[in-house]
Amino acid sequence: MDRKEQTDGDEQRVRARQVRRQLAVATRMLVDAGILNYSGHLSARGPSAGLFYIQPVDDSRASLRPERVLLVSLDGEVVEGEGKPPSELAIHAELYRARSDLGAVAHFHHDPTTMFTMVEDAAIVPVKNHASRWADGVPVHPDPSHIATAAQGRALAGTLGGAGAALLRGHGEVVVAEDVLTLFADVVHFVENADALARAMQLGRVRPLDRAECDRFLVTFQRDRHARKLWKYHTSVALASGSVLPEWLDAETAPAAGDTRAAALEGSR
Ligand SMILES: [Zn+2]
């Protein structure tokens, strides 16, 4: 093995460890946010386009550990790790197969958001500026079945098309993004917008943000920077509560030492 091969291999191992940690941390923080619970899962594209990382079916979302995260093929074969992937694996596999732009996928069953598939003429529209990403609409997959086969996954990929999120009728949500940090921010904002919209509908006639307003917002919006800001906030809260361990956070996105509620709590013990 020459030096370049060794360096590439080292980089891949570092990257794999980072992605596994991010998935475990994001999963636990979405449990804390009430978005994931006993079901639902996040995934991230692996070291090649035909592989992705996802948690084992039987591991609790509340206590998922980075080293437990599996590396699996688009056909569901476990390449690294112990355990079986989730039964709705085809959601992730077929979305990665259909969309080369995707680096991370979330599937969850959040009733207050899924509610928008249960009512006539109640589409999810942007009412908060951070929902501008979904200004072109949120498609609804008409089949409420469990997505258990590749054919069902392909049908869902067809419903999603080029969109950033879709609802599954009477079932749940999929949100897609370029990496785990932007996915986490998108999931938080997607649910926040649905919640604000549901409340606004009770007050009166809703005035959603129009296309021009969303475009104006997106002109100055720094997506990557914003995702890091959200990550930093949620990880500092999770550190303080003990939901995540400090060694799972990268230095660049972890709260600064001595500047966290966790550090304050530590000092008061
Ligand atoms: Zn599901």
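Reader: Which residues in helix 5 meet residues in helix 7?

Author: Happy to start there. Leu 181, Thr 182, Phe 184, Ala 185 and Val 188 in helix 5 meet Arg 223, Asp 224, His 226, Ala 227, Arg 228, Leu 230 and Trp 231 in helix 7. Contact here requires C-beta atoms, placed from the backbone, that lie within 7 Å. The residues of this contact divide into 7 nonpolar, 2 polar and 3 charged. Ala, Val, Leu, Ile, Met, Phe, Trp, Tyr, Cys and Pro count as nonpolar, Asp, Glu, Lys and Arg as charged, and the others, Gly among them, as polar.

A word on the source: this is a predicted model, in which local features need pLDDT of at least 70 and side-chain atom pairs count only at pLDDT 80 or more, while totals for chains, interfaces and linings use all residues. Residues are numbered from 1 along each chain as its sequence is written.

Reader: Why is helix 5 called roughly perpendicular to helix 7?

Author: The axes of helix 5 (residues 180-203) and helix 7 (residues 223-241) come within 8 Å and cross at roughly 75°. That makes helix 5 roughly perpendicular to helix 7, because angles of 65 to 115 degrees are given that name (under 35 is roughly parallel, over 145 roughly antiparallel, the rest oblique). The axes are lines fitted to C-alpha atoms, for helices over the stretch in contact, with angles from 0 to 180 degrees between N-to-C directions. Helices are DSSP runs of H or I with at least four residues, and strands are runs of E with at least two.

Reader: What makes strand 4 and strand 6 edge strands?

Author: Strand 4 (78-80) and strand 6 (140-141) each pair on one side only. They belong to an open sheet of 8 strands with mixed pairing, in the order 4-3-2-1-5-8-7-6.

Reader: How do you know that strand 3 pairs with strand 4?

Author: Pairing takes at least two bridges found by DSSP, and 2 bridges join strand 3 (residues 70-73) to strand 4, the two running antiparallel. Val 72, for example, has Val 78 in strand 4 as its bridge partner.

Reader: Why does Arg 15 count as exposed?

Author: Arg 15, found in helix 1, has 12 C-beta neighbours inside 10 Å, so Arg 15 counts as exposed.

Reader: What makes Asp 121 exposed?

Author: Asp 121 has 4 other C-beta atoms within 10 Å, and is therefore exposed. Asp 121 lies in the loop between helix 3 (111-114) and strand 6, and its phi is near 55°, a positive value in a residue other than glycine.

Terms used: Contact = placed C-beta atoms within 7 Å. Buried ≥ 20, exposed ≤ 12 C-beta atoms within 10 Å, placed from the backbone.
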